Amino acid sequence: MTTAVTRRRASKRTRREALIGAAYIAPSFVLMFIFTVIPIFLCIYYSFTKYDMTAAPEWIGFDNYVKLAANKYLGLTLTNTLQYVLITVPLQTILALLIAAFIAGSLRNRFGSFLRSVIFIPVIASLIASAAVWNVMYEPKGGLINQFLGLFGADPINFLGKKTTAMPSVAAVAIWKNTGYYMVMYYAGIMNVPADIQEAAIVDGASPWQRFRYITLPILKPITYMVVTMGIIGSFQVFDLVYKMTGGGPARATLTVAFMIYNYAIKDKRMGYACALAVGLLIVILLIHGIQNLFFREKEDA
Amino acid sequence: MKRFLSVLLCATLLCSCLSIALAEDKQTLTVWIPQYQFSKAEDAISDQDFWDGVFDAFEAENNCEVKVEIIGWGVYGDTFFTSLLNEDGPDVVYVTDNYDLVKRDLLLGLDPYLTDEQKDNVLLWNLAPENAAGEKVIVPMDDGVAIGYVNKALVREAGLEELPLEWDAFIEACKTIKEKTGKAGFLQNWGATSGTSALMLAFWPYYFQAGGKILDENGQVNINNEAGLKAVEFLKKLYDEGVFDENIVTETESVDKFANGEVAYIVADLNKGNTSFTDVEWEYVFSLVGPAGYGARTATDSFAVNKKTLERGNAELAVKALMYITSGAVMDEFHSKIFYLPPFTKDSSFVKDEALNAVTSAHTDAIYVVDEFEAKKSFEDTLQANIQDMFQGNLTPEEVLAETMDYYLTQLIDQ
C-alpha cells in the first residue's frame, strides 16, 4: 500500500516536472515550428510547383527536379561548395582547438584574456563589412596582403580575380571570422578537463603532447562533434561572403549552392525551381551529417 | 482654476478631433526613390531633404501628404519588386528593371490619366512597355549613355596624335601606349560582382557597334549571331593581345586608375568627367567604332505607379505626383543639385556639360537601349561568367555564345 502511494506520488512529481520542462521549451518550440519547421515543409511543397510569388503556385510534379538534374552548372556549384566546406571546416576546427589549447595551457593570464578577446572580435563584426574590408586587403595593387608579399619580392596576386585563388581567398575570410567562436567553445571544454586526471598523468610521466592527445582530445570529443556539425552546416549555406566579395565569379569559380538558390529565387523570381534546389541542398547536408554521425559513432565504439 | 482647466481640456480635445478629421480628409502618398546624391561635399543637399522640399508645393496644392522614402541601391531591384507585391507598398516608385512588373501586371496603366500633350512631352515615351490593355505603364527616363573618356596627355606621350577608335586600330594603339609609356591603353570592369554592371559598359556597347539586336524578329532573346560573335572575338583579342589588365576586378578600379592618369581610355557613366577626373587632361569620345559603326548603350530606368493605388483610391493623385516628379522644372532642379542626367522631357532644359551634350547629340542614332526580357539579370550573369571563362582559356567565342543561349533557354526561363 505504502509502495503504491509512493509510486503514485513519484509519478505525479515526474509528470509535473515534465510539464514544467515542456512549459520552458514551449516558446522556443513554437518559434522554431513557425520559422523553421513550417518553412521546410512549404519549401518542399513549392519545389513541386511553378511559383513566381504573384500568381498561386501551380502543381507541376517533378518537373523542377528533372530540370535541375539537367542543369549543367549544378555539378560545378556542388563541387565549389564542397571545396569551400573542405577548406573551412578542418582549418577552422584545428585552428580553434590549437589556439584554445595554447591559451588554456600557457597563457592563463591577462595577456591570454586579451588574446581571446582579440580572436573573438571577428565573430561580432558584421559579415558584409568584413567582406568589404577583405576585398580591399585582397586588392592586386595597393592591397595590404600584396603589399606585404611585395616586401619579399613576390608579384601581386589577383586573389579574387583568378579561378584558382578565388575560393580559397573567400574561405580564408570565413576561417578568420569563425575561428574565434569555436575557440571559445574549445576553451570552455579544456577548462573543464578534470585537474586530477592531468595531475595523475603528469605523475605517470606523460609528456604535454601525450596529455593533450590521450586526455584532452577524447574529453573534447562532444565539442568537436558540435563544432564540426555547425561548421559543415554553416559552410554549406555560404552566401553573404560570396555575394559581397565575388558575386560567384570569376567564371563561376565561387558560385555556391546557396548563391545559386538566391539567383533563381530573387533575381529570376522562380521560387519553385529555387525550392527544388534548396531541397536538394537539404538532402546533401542530411547525407553528410549521417556520414559524420557514423564516423563519430565508429570512433566512439572503437 | 477648475473651470479654466476644464475649458483648456475641452479645447485641447476639440483641437485634436478637428486635426484628426482634417488629416483624414487628406490623401496620402508614399514615394520610393533610390539614393542619387553621392557627393560628399559639405553643402551637398541630401536626397531626402531635396525631395521633401520639392513635394512641399505639391502637398499644398493638392491638400495631401507625401512621404518620400530614399532606398539604397544595394538591393533596390529586389526591394521594390517585393514591396509592390505587398499591400503596403509605395504608390509611386522608381523602377529599374520593369519586365517582371509588367508581366505580373503590378503597374498602373497611365494612358487614361494622361493627356496627349503630357505623353508627347516624354522623349522616350515610345520605349515604355504596355500592359495587357495596351496602356503604357512607366515614364522612361534616359539614365545616360556609357561614354568614352580619353587621356589626351597619355596618348600624346605614346607618340600618337589621337586615339584611333576603329577596333583593330584601337588595339594597336593600346599596345603602343603600353609599350611607350608602361601604362595601360584600356581597362574594363570584367570583375564586377554583377553581370549587369559588367555588361553595360564592357559588352553591350561592342554588341551594338557590331550591329547586334538583342531581341529577334519574334521578340525572343538571341545574341548567338554574327554581331555577337564579332563582339566576343573583339574582347578575346583585347585580352590575348595583352590590352586588358587581368588584374581588373572591381567596378570602380578602371575609373580610379583613369583619374590617376594610369590608363588612356575607359568607358564609364557620363557623370564621372567633371567630378572625378580633375587631375587628368581628358576628353569625351562617343564610343569605339565597330563593323557597324558607333554604338553606345543607354539605360532607361523609369517612374511608375503601383496598380494597388486603384484599390487605395489615390491612383489619380499618384499619377499627378508621377508627372510632377518627371516634369522639366523638378528634373532640372534634380539634375543641377543632386545628380546630372540628360533631360528626358521636352520641357527640361538644364544642360550641365556642353562638351558632353555635343558628343551625344552628334550620335543620337547610335544610342541603344538594352531591351527588357525574362531573367535578364541571370542571363547577363551567365554571359559575364562565360566571357570570363573565355579569358581564362576555357571557352571559345562560339562556345561563349552557344552556352549562354543554351543555359538561358533550358534553365533560366520556363518554356
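Colleague: What makes the largest nonpolar core of chain B a core, and which residues have the most contacts inside it?

Modeller: A nonpolar core is a set of buried Ala, Val, Leu, Ile, Met, Phe, Trp, Tyr and Cys residues joined through C-beta atoms within 7 Å, where buried means that 20 or more other C-beta atoms, placed from the backbone, lie within 10 Å of a residue's own. The largest such set has 68 residues, and those with the most contacts inside it are Phe186(B), Tyr207(B), Ala231(B), Ala264(B) and Ile266(B). Apart from it lies another core, of 44 residues, including Phe81(B) and Val319(B). This is a predicted model, in which local features need pLDDT of at least 70 and side-chain atom pairs count only at pLDDT 80 or more, while totals for chains, interfaces and linings use all residues. Residues are numbered from 1 along each chain as its sequence is written, and chains are lettered from A and ligands numbered from 1 in the order in which they are written.

Colleague: Which residues is Phe186(B) in contact with, leaving aside neighbours within four places in sequence?

Modeller: Two residues are in contact if their C-beta atoms, placed from the backbone, lie within 7 Å, and among the partners of Phe186(B) that meet this are Cys174(B), Leu238(B) and Ala264(B).

Colleague: Why are the buried residues of H16(B) said to line one face of the helix?

Modeller: In this helix (a DSSP run of H or I, at least four residues, numbered from the N terminus), Leu356(B), Val359(B) and Thr360(B) are buried. Seen down the axis, the directions from that axis to their C-beta atoms fall within an arc of 90°, so the buried residues line one face. On the other side of H16(B), Glu354(B), Ala358(B) and Ser361(B) are exposed (12 or fewer such C-beta atoms within 10 Å).

Colleague: How much of chain B counts as buried?

Modeller: Of its 415 residues, 42% reach that cut-off.

Conventions: Helices (H or I, at least four residues) and strands (E, at least two) are DSSP runs, numbered from the N terminus.
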